[in-house]
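I open my notebook here and write down, entry by entry, what I looked up in the structure below.

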Amino acid sequence: MTRTRSLSASFRWFILVASFTLLLTPSFLLAVDPQPFAGVELRIPDETVPPGGMLQLKVEITEPKPILKGGQRARYQAQFLGPVQGIALFSPKGDASGTAVLSKGAAQISLSSPLFDMGKIIYFPILTIAMPVKTTAIPGKTAQLVLDPSLSRWVDPNGQDYPVLLTNGIVTVGGTLSISNILPGGGVVPAGTKIRILGMGFQPDSKVQVNEAMATSTYVSANEIDVTLTTNVNMTSRRIRVVNPSTNERVEYFSYQRTTHVGKSQHALIAATEALFAQSTWTLAYFKPVLSGSQFSGLALQNQAATASKVRLQLFATNGGLLATRTLSLLANKRMTRDVAEFFTGVVPNTGTTLKVTVLSGPPIQLLGLLGDDALGTVDPQDPSPAP
């Protein structure tokens, strides 16, 4: 009996010492790293933008995950936000393409990454959407930046759906500093080139960082800082950061080449669609138009070069016979998005026909096919093919 009581007292003493030791142990030594989320975790960071500035809504991935396809609805409705000025899609190898169907205060996004490259790097967003904050916006006003879970689907390289975790953000009207655009914002820019950073709230002592690039900066005005590159730099998806030392206010912007539209499609769904091009360029490409029920095909062309391209479109019948030809000039820094039928008067691009796109002169261009469905209100990207 005495032996049993002695063991019990010793055990109680052990528990007391262990508990005391735990109390004295720093919390960071006791912390256990949580298991990473098994699926795709996306978030929109909070932003503060002054009246008259530009909101760049950023959709970020928190852990690297290879993505084959993605679909996401983003909502950003606010009285103080103006219409979308540009949308950019980022993947390290530039293989990702997509579409964004815009409606009031929302974008339905459809993405494709045939090399599974989208989502592999967390250093820059998957997607950005630029919208101006109106000059009449009242400081302190806020709006939700929402990733809709009911319209969210992300697919792994095996074609299986990832579990999805979404975190929303908030935009607040405030501050004085904003970046609205970068010129030039994309492509490989040689050393010695002047990069124009446009925006507001810049100061003579503002510090500029162009990530992983050597550059010198020159203050021009409160609305412009010029940066001169000392090495060749690919400006696509380059993070630009401006800091005002006196207030410690800073802003980040991810650059891309913002082109302007040539006219507007008469097809309402195509007119509401922003094409998001892969970085590859083409001098010869083929598409297979679809026309079935409410489904139809569109075509988007973009010229990011400094000179115009002369482009020929040819529509061939199932038996190979030429049905129609259209030649057009796509000017520098322009894009054109149309229903395929709008390119060929009096000819219907039925399922089974072939669309051939040839650059006759000038620089190669970016191309994207569009598969639309008027009944569903959706438009999906269709990558070009190098062969019929």
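I began with contacts (heavy atoms within 4.5 Å), and I noted that residues 24 or more positions apart account for 74% of the contacts in the chain with a separation of 6 or more. I must keep in mind that this is a predicted model, in which local features need pLDDT of at least 70 and side-chain atom pairs count only at pLDDT 80 or more, while totals for chains, interfaces and linings use all residues. Residues are numbered from 1 along each chain as its sequence is written, and side-chain values use heavy atoms, with hydrogens and water left out.

Next I looked up the secondary structure, where helices (H or I, at least four residues) and strands (E, at least two) are DSSP runs numbered from the N terminus. The chain has four helices and 30 strands, and its C-alpha trace spans about 105 × 60 × 40 Å along the principal axes.

I then asked how much of the chain is buried, a word that stands for under 20% relative accessible area, with exposed for over 50% and partly exposed for what lies in between (1.4 Å probe, protein chains only). Of the 388 residues in the chain, 46% are buried.

Thr-337 counts as buried because its relative accessibility is 6%. When I left aside the neighbours within four places in sequence, I found Thr-337 in contact with Ser-265, Ile-270, Leu-299, Ala-300 and Leu-370.

My next entry concerns a sheet, in which two strands pair if DSSP finds at least two bridges between them. This open sheet has four strands in the order β23-β28-β25-β26, with antiparallel pairing. Why is one side of β23 and of β26 left without a neighbour in the sheet? Both β23 (284–287) and β26 (322–330) stand at the edges with a single partner strand each, so one side of each has no neighbour there. I also noted that β23 is joined by four bridges to the antiparallel strand β28 (residues 354–361), and that the bridge partner of Tyr-286 in β28 is Lys-356.

Last, I looked at strand β15 (residues 207–210), whose covered face holds Val-208 and Val-210, whereas Lys-207 and Gln-209 are on the uncovered one. I recalled that in a regular strand the side chains alternate between the two faces of the sheet. Four bridges join β15 to strand β19 (residues 239–244), and the two run antiparallel; the partner of Lys-207 in β19 is Val-243.
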